[in-house]
Amino acid sequence: MPGIWSEEQVEAWKPVVEGVHEKGGVFFCQIWHSARLYVPTISVLFIGGIPILTAPADNQVYEKPIRHPNLKSDEIPGIVNDFRIVARNAIKTVSCVKEFDGIEINAASGYLIDQFNIDASIEDRCRLALEIVEAVANEIGANRVGIKLSPFSDYDGKEKDSYPEAVAIYMANELRKLGVLYLHVVEPRETAKSLLPIRKAFQGTLIASGGYNKSDGDNAIEENYADLISFGRMFLANPDLPKRFEVNAPLNKYNRSTFYTHDPVIGYTDYPSLEVIAS
């Protein structure tokens, strides 16, 4: 995965960000620490690594994360500071055309921040996330900070929380106090309308995620269940997804077997656009 911690990387991002802005796009940089989910070959183009493979139940070949020792308490301030520095790198250019519009802190999907949400009080589960949010907000402004949570999910490296709604509501209340721009939440597929208590607690812009299609997303917005809907796999397979939604065009089917590979093209930039199909 591309980083933004060095001067070389910061410079490399500038033409990318400028290109998005020239087309009228809004560009947030998602920042995260993989911790125990670090897979070297996914980042082989950027930091190198050796493949370690495992075949899950669906026969898809994924790369097995490398397990690292537990963090020590005196290492945590350094982690918080790393997030702050990366956020500054994304926003520090003199030209607003070449800087990201904001930062999304990924506290979801079993990555480092999410791994702190087990076997502790609610306050302790949320402490690292909130310390990072506060540090980043103090560096670049809370109005440029969003955060992604997946409180109802279990991932490799993280057990499913025994009372996720209570943790999520506490986080939503604290994030509201910090004044962040938005809260992005992955909801469980098996429970309808599970974000309503979180929406009530946060009272700000809420982005819902979790297996939505166009009609589901339209209904969620119309019912004021969420302010925005995020799409993952569907967007990956359809880089012109907004246009396809606008004209009710058929969608490319995503190929799950190409997910999470280190190939920079196959499964990432080789899905055809509407223009290519038409020609």
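Me: Which residue lies over the face of Tyr254?
Reply: Lys253 does, at 4.3 Å from the ring centre. A charge counts as over a ring if NZ of Lys or CZ of Arg is within 6 Å of the ring centre and within 35 degrees of the ring normal. The model is predicted, so local features need pLDDT of at least 70 and side-chain atom pairs pLDDT 80 or more, while totals for chains, interfaces and linings use all residues. Residues are numbered from 1 along each chain as its sequence is written, and side-chain values use heavy atoms, without hydrogens and water.

Me: How many aromatic pairs are there?
Reply: The count is six. Rings of Phe, Tyr and Trp (its six-membered ring) pair if their centres lie within 6.5 Å; planes under 30 degrees apart are stacked, over 60 edge-to-face, and the rest tilted.

Me: What kind of pair do Trp13 and Phe27 form?
Reply: The pair is edge-to-face, because the planes are at 75°, with the centres 6.4 Å apart.

Me: Are those two buried or exposed?
Reply: Trp13 and Phe27 are both buried (under 20% relative accessible area; exposed is over 50%, partly exposed in between, with a 1.4 Å probe and protein chains only).

Me: Which rings are in the cluster?
Reply: Ring pairs join Trp13, Phe27 and Phe100.

Me: Changing topic, what is the geometry of Phe231 and Phe245?
Reply: They form an edge-to-face pair, 5.3 Å centre to centre with 70° between the planes. Phe231 is partly exposed at 21% relative accessibility, whereas Phe245 is buried at 14%.
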